[in-house]
Amino acid sequence: MPRISLPLTPEQRDEADRIEQRLLAVVGDEIRGIAELLASKPDRQILGPAEFLVRDRVHRIGARAIEAALDERKKGGTRGPAPAARPATARASSSAGRTGPSSA
């Protein structure tokens, strides 16, 4: 399968390199587990239950990728001041929805 390359700025390319290195370090066990699972199955058993076990591991790798990206961004902090918060709107009155005094 060909590698898809996105147009990245130099800063984004640096961040991608850091995420890749971190991800390679944490998913090695998952990849080895997939390799061992596939090696342990004859051709007729690759699809079916084994396929779902592989998919579960691939999903865990994806979750780790997202965690790695978020952790990298936390380390880098924000780039500039935070934007100003929008002003609060007027609060609804506690009698919202009533049309007049209660007759009870």
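Entry 1, surface patch. I took a patch to be made of residues with over 30% relative accessible area and no salt bridge, nonpolar side chains being joined within 5 Å. The model I am reading is a predicted one. With that rule I looked for nonpolar surface and found a patch of about 320 Å², made by I4, L6 and L8. I then checked where L8 sits: in the segment before α1, the helix that runs 10-39. I also looked up how open L8 is, and at 33% relative accessibility I noted it as partly exposed. The patch rule asks for over 30%, and L8 has 33%.

I noted a volume of about 480 Å³ for the largest pocket. Which residues lie nearest its centre? I read off R3, L8, A16, D17 and E20, out of 19 residues that line the pocket. I next asked which helices supply the lining, with at least two residues each. I found α1 and α2, the latter spanning 49-76. The most comes from α1, which gives 11 residues. By class I listed 11 nonpolar, 2 polar and 6 charged residues in the lining.

I counted 7 salt bridges in the structure. One of them joins the side chains of R73 and E15, with N to O at 2.8 Å. This pair links distant parts of the chain, since R73 is in helix α2 and E15 in helix α1, 58 residues apart. Are the two partners buried or exposed? I have R73 as exposed, with a relative accessible area of 56%, and E15 as buried, at 13%.

I then looked up R18 and E72, whose side chains meet in a salt bridge at 3.0 Å, N to O. R18 lies in helix α1 and E72 in helix α2, so I wrote this pair down as tying together parts that are 54 residues apart in sequence. For accessibility, R18 is partly exposed at 38%, while E72 is buried with 10%.

I looked up E51 and found a salt bridge with R55, the closest N and O atoms being 2.7 Å apart. Why are E51 and R55 about one helical turn apart? The two are 4 residues apart in helix α2, so about one helical turn separates them. I noted both as partly exposed, E51 with a relative accessible area of 23% and R55 with 44%. Going on from this pair, I also recorded a network in which salt bridges that share partners join E30, R57 and R60.

I looked for V58 and placed it in helix α2. At 43% relative accessibility I noted V58 as partly exposed. I then took the distance from V58 to V27. They are 31 residues apart in sequence, and their C-alpha atoms are 9.7 Å apart in space.

Conventions: Residues are numbered from 1 along each chain as its sequence is written. This is a predicted model: local features need pLDDT of at least 70, side-chain atom pairs count only at pLDDT 80 or more; totals for chains, interfaces and linings use all residues. Side-chain values use heavy atoms; hydrogens and water are left out. Patches are made of residues with over 30% relative accessible area and no salt bridge: like charges are joined within 9 Å, nonpolar side chains (Val, Leu, Ile, Met, Phe, Trp, Tyr) within 5 Å. Accessible areas come from the Shrake-Rupley method with a 1.4 Å probe; for residues, only the protein chains shown count as cover. A salt bridge is a side-chain nitrogen of Lys or Arg within 4 Å of a carboxyl oxygen of Asp or Glu. Buried means under 20% relative accessible area, exposed over 50%, partly exposed in between (1.4 Å probe, protein chains only). On a 1 Å grid over the protein atoms alone, a cavity is a set of points where a 1.4 Å probe fits but cannot get out, and a pocket is an open set with protein on both sides within 12 Å along at least five of seven lines; lining residues have an atom within 4 Å of a point. Grid points are joined across faces, edges and corners, and a volume is the space filled by probe spheres set on the points. Ala, Val, Leu, Ile, Met, Phe, Trp, Tyr, Cys and Pro count as nonpolar, Asp, Glu, Lys and Arg as charged, and the others, Gly among them, as polar.
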